[in-house]
Amino acid sequence: MSNDAVSCDVLYVTECSPWGKIGYEKAAKAFRSVQPVFWSPGMPKPDLSGWQGDWIISFKSDLILSRDILDRAKKGAINFHPSPPKYRGLGGYWWALHNGDDVFGVTCHHMNERIDHGAIIATKSLPIFSGETVESLKHRAAIYSLELLNETLNDIISEKPLVPCGAKWEQHLYTSKELALAQRAHAANGDSCAMQPVIKSLDARRALLALEAIQLHRTEKDWLSTMKVSA
């Protein structure tokens with residue numbers, strides 16, 4: 001916590017990854033009281049019934065929060081979804097490559113009881129490179145998500161309203177079952193990319209080097225080199 005930290009009680013919910021930890025460190029510097037919840041699918045769901053505070057920040061998390069929990073955030077509940085509004089739900093990296101998209105993105109939005117559905121606050125776009133894999137796109141989207149988190153935290157600190165930007169979600173919600181069925185079908189047809197892992201650990205040091213490169217306003221190719229991803 002820094003001396004300039006804002007006096008707010010924050011629930012920070014994220015995945016168990018270096019990206020989630022970096023996001024927590026940034027939130028902990030911005031606010032005086034941050035309760036972290038690191039959760040990944042397969043883990044027991046945390047008991048949040050006793051929490052009440054100012055903000056809920058969900059960063060790249062698959063944990064679904066109930067309406068009751070969301071209503072306990074007096075100032076707001078926001079989510080950082082590591083895919084563009086085109087891909088609500090799970091597997092956006094895989095679907096984007098499967099559909100031959102040229103551009104991907106990340107999304108910050110207000111939360112409600114529906115998944116990836118609340119009013120969109122901001123988005124960031126990133127190009128999809130030739131030879132892109134699910135793993136490389138996942139890591140690149142995570143860095144753009146951290147950029148978006150930085151900007152949003154600055155807005156909160158400066159008391160700037162988090163107003164909707166006008167972007168709209170697509171109607172379809174992609175599910176884990178739908179993703180698994182599509183991957184199996186394409187694997188059966190000889191698609192070598194169909195079963196690429198959606199989640200793979202990334203060394204925290206490489207993650208930090210990539211983030212530092214962004215903060216120093218280097219080009220994307222500079223920070224991609226820290227992750228050994230070819231543009």
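Two strands pair if DSSP finds at least two bridges between them. The views below come from a predicted model.

**View 1. Strand β3 and its two parallel neighbours, β1 and β4.**
Strand β3 covers residues 53-59. Five bridges join β3 to β1, and the pairing is parallel. In this pairing, V13 stands opposite S58 of β3. Strand β4, residues 73-81, also runs parallel to β3, with six bridges between them. Here I56 has A77 of β4 as its bridge partner. How many residues of β3 are buried? Seven of the seven are, so the strand is largely enclosed by the rest of the structure.

**View 2. The tilted ring pair Y12 and Y24.**
The model holds seven aromatic pairs. In one of them, the ring centres of Y12 and Y24 lie 6.0 Å apart. Their planes meet at 45°, so the pair counts as tilted. The pair links distant parts of the chain. Y12 sits in strand β1 (residues 6-14), while Y24 sits in helix α1 (residues 18-30), twelve residues apart. Are the two residues buried or exposed? Y12 is buried, at 0% relative accessibility. Y24 is partly exposed, at 25%.

**View 3. The edge-to-face ring pair W94 and W95.**
The ring centres of W94 and W95 are 4.9 Å apart. The planes stand at 85°, so this pair is edge-to-face. W94 is buried, with 3% relative accessibility. W95 is buried too, with a relative accessible area of 8%.

**View 4. D116, a residue with positive phi in a loop.**
D116 is not a glycine, yet its phi is positive, at about 45°. The residue lies in the loop between β6 (103-110) and β7 (120-127).

**View 5. E159, a residue with positive phi in another part of the chain.**
E159 is not a glycine either, and its phi is about 60°. The residue is placed in the loop between α4 (134-157) and β8 (173-174). Is E159 buried or exposed? Its relative accessibility is 70%. The cut-off for exposed is over 50%, so E159 counts as exposed.

Key
Residues numbered from 1 in each chain as written. Predicted model: local features only at pLDDT ≥ 70, side-chain atom pairs only at ≥ 80, totals over all residues. Heavy atoms only, no water. Helix = DSSP H or I, 4+ residues; strand = E, 2+ residues; numbered from the N terminus. Buried < 20%, exposed > 50% of the residue type's maximum accessible area, 1.4 Å probe, protein only. Phe/Tyr/Trp six-rings, centres within 6.5 Å; stacked < 30°, edge-to-face > 60°.
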